[in-house]
Amino acid sequence: MSPASGGADAKAVAPAKASPTEAPASAEGSSEAADPVADTATPAAGTADTALAEDTDATSDTGSKRAVAKATGPTRSAGSARSVGPIGGAHTEAGAKAAAPAEGPAKAAAPAEDPDPAKASPVETTDSTDADPAEDAAPAKASPAKAIASAEVADSAKNTAPAKASTAKAPAPARAAAPAKASSAEAADPADTDPAEDTATPAAGTADTAPTEDTTSATEDDDTATATDSASASSSQPAQGRRRWSRRRRTALAVVTGLGVLALLWLGAAWWNTANLAPGSSISGVAVGGMSLSEARQAVATQTQDVLDDPVTVTVNGSSAQITPSKAGVSVDAEASVERLTRFTLNPATIFNRFTGARVDAVVNVDPVALTGALGSHLDELATGTSNASVILNGTTPVLIPASAGNGVDIAASVRRLTANWPLGKTTIELDAGQARPTITDAAAQAFINDTLNPLLSAPLTITAAGTDAASISAGDVTLSPEQVAGLVTISSSGTALSAALDADMLYDTVVSTMGADVEVAPQSATWTIDGSDEGAPTATPQYVAPANGRVIDRQALADGALKAGTSSATGRTVTLPLVSKEPALTTAAADWNITEFISDYSTPFYSEPGRDQNLRRGAELLNGKIVMPGQVFSTEEALGEVDEEHGFAAAGVISDGKHVDAIGGGLSQIGTTMFNAAFEAGMDDVEHHPHTYWFSRYPAGREATIWTGEKDVKFGNSTPYPVLIQAWVSGEEVHVRLWSTRYYEVSITSGEKTDYRPVRTVTASGPGCEAYSGGNAGFDITVTRSRKAPDKTVPDDVLTTKYEADNRIVCSK
């Protein structure tokens, strides 16, 4: 390690710019000029400046070369110190820089890690008072060495700083191999310091060159210093360029990175908009914000369809008519409409608008032909003196009614405008005014006559079941004469064309009446049956009926086929009966019905009477096998149907206006009473029932009902989760009703005491219609309470209060 590294390291002085005029400045204020040679070289950072050693004889030529070789190794240009030229010549005491080599080769020390001078290697100094603390801020670590510095020499090293060199600008100092971490030495003269170069710290073990007392090797050392300064200056120029390039590269990289992040955010936002709908987004008033794309499409399709199904008013010149857009060829493309909010775009304005809730119009498609027809069908309302050509039938002869032109709506212009831009959501649409031309011309009407009506009515049509499943059942083919066909023809106008059709229902009735109803087999829905006979009913159980497909005539296909056969010679004017399979309405499996047990069984006694017996048996027969689905309400009157002789009923005793008389269906009140009690005990909802005026002892007091067609009914609702099968029969002298299902309610019924008795009195009547009556039961009041418990809900109690009148005796006076 160089002995010059001992003591306080002086901060490097950056070389000053070259000047043709010498301006040496000495710390001592000497007027002597500096050595121009010595003043042109600057040691690189990390080189050891020569200091005064104790042994001045050690400044041998060999030692100087070793020191120079050590000092001129690769160093950083920035922060290197400027060599101070000798004062008064090369051999003055403080003039020349002289390398003071150690006895052995100088060894470079590791970079300084601590600016504290205390961490430097021990150095002996003869006079510490000459050291400048400001200059010794960052000493480098050095090998132990002894150095003697006189006050004069110290002052010269600290303060001497030529303002400008007399020679050319010194070359950039060479880069130091191992720059020290300590701060660079300060320039002796701030005016001569180059900030761009004064940024590096000399490597540990180096020191600024100081004048020595040994002048014997000054010249050689000056040459060495000059070479070292030249190498340092030359290496600083590329270093400065690299720093400037590094700064530019970092700036460019930051700009590119920022642009890249911005581009990624931009693309991310654009991509997000293709799969998401921001809050506040809407399509023709349909809010779709926050929905998935499929939900948005469904919402647009549903809500715009509702708009299109509502009639709109079209007006022109004060005339108006109504059309339904959906029937006039107007539709909304929901998928394309949603795509208006999700189509990929890089337009920043569009992206921002979508993020804030864009509002767009739906994509509306208009069929110009259909719209023309819709408007044309209202020519009478939208134009004056304008009508389409039409055709009517006079027997089997078509008659053409010519078209006429007038003024009013210009349909063609209106259709062009509305096709391009349909005003979705508007309830009133203004049409274009102009000459109103008919949309069906005479030529078009004549073509319809020639191509459709004349061939259709030219000869008979034949319908056959041959080749079908009904061939063996059919009573024969059906032949329709031209007159019969003409009676089936209907002529209509779409607004742009005339068309003919055959009435499907009328044709079906004609075919079935000729071939027979057995050509069709109705589909069988899944259901249940149960025996209702006197003998089998008491022990019968429900029987499941599996579903089965039926075979029916396709009515519309029959009509269309007959029309085609009549207008085309290809079919030979013969139509094969179109039979199709028809699935049943109900296919529920047996286990899913939950008809597993009877949940109530009730019976009432009756006295035998021919007409009454017949009515009871017929009534029970009509109730038996009926099924009440969950949520349905059963009506006894509807189940009985028409109560007349034609439907199996007879006259029997009834009470009418408080009088005992005979009427058709007498006794059916007992069917109603039995039905009411079976449903009441099963927990069914009491929807409607009407007690008799008088109490009959065959019925429980307060729990009986009467029936009168069109006025009084017995109804109950099935509020359970299971279907209910009704079994009804008459056995012996009792009417029975049994309900089959799965028990759901726990039912308890309490009957109160009879109160407020009203005794039977004798009433005298007169007149030809008077019939004596022995009287019945006394009148009274009674309250019946029913409680029900369900597994999944709470239901209120049913409280039935009935007031019976006394059934008085009737005596007829003479």
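Reply: In this predicted model, helix α14, residues 610-623, packs against α16. The two axes come within 8 Å and cross at roughly 40°. The handedness of the α14 and α16 crossing is right-handed.

Helix α16 spans residues 668-682 and also takes part in the second largest pocket, where α16 supplies at least two residues of the lining. The strands β28 (651-656) and β29 (659-664) likewise each give at least two. Of the elements involved, β29 contributes the most, with 5 residues. The space in this pocket comes to about 690 Å³. Its lining consists of 34 residues, and those closest to the centre are Gly 653, Val 654, Ile 655, Ser 669 and Thr 706. Among these, Gly 653, Val 654 and Ile 655 fall within the 651-656 range of β28, while Ser 669 falls within the 668-682 range of α16. By residue class, the lining of the second largest pocket divides into 15 nonpolar, 13 polar and 6 charged residues.

Next comes the sheet. Three strands form an open sheet in the order β27-β31-β30, and their pairing is antiparallel. The edge strands are β27, residues 633-635, and β30, residues 685-688, each of which pairs on one side only. From one strand to the next, the twist averages 25°. Strand β31 covers residues 715-717 and runs antiparallel to β27, to which β31 is joined by 3 bridges. Within this pair, Phe 634 stands opposite Phe 716 of β31.

Helix α7, residues 368-376, packs with helix α9, residues 411-420, at an angle of about 135°, and their axes are 10 Å apart. Angles over 145 count as roughly antiparallel and 65 to 115 as roughly perpendicular, so α7 is oblique to α9. The crossing of α7 and α9 is right-handed.

Key:
Residues numbered from 1 in each chain as written. Predicted model: local features only at pLDDT ≥ 70, side-chain atom pairs only at ≥ 80, totals over all residues. Heavy atoms only, no water. Pairing = 2+ DSSP bridges. Helix = DSSP H or I, 4+ residues; strand = E, 2+ residues; numbered from the N terminus. Axes fitted to C-alpha atoms, helices over the stretch in contact; angles between N-to-C directions. 1 Å grid on protein atoms, 1.4 Å probe; cavity = no way out; pocket = protein on both sides within 12 Å on 5 of 7 lines; lining within 4 Å. Points joined across faces, edges and corners; volume = space filled by probe spheres on them. Nonpolar A, V, L, I, M, F, W, Y, C, P; charged D, E, K, R; others polar. Left-handed = near helix turned anticlockwise from the far one by under 90°. Parallel < 35°, antiparallel > 145°, perpendicular 65-115°, else oblique.
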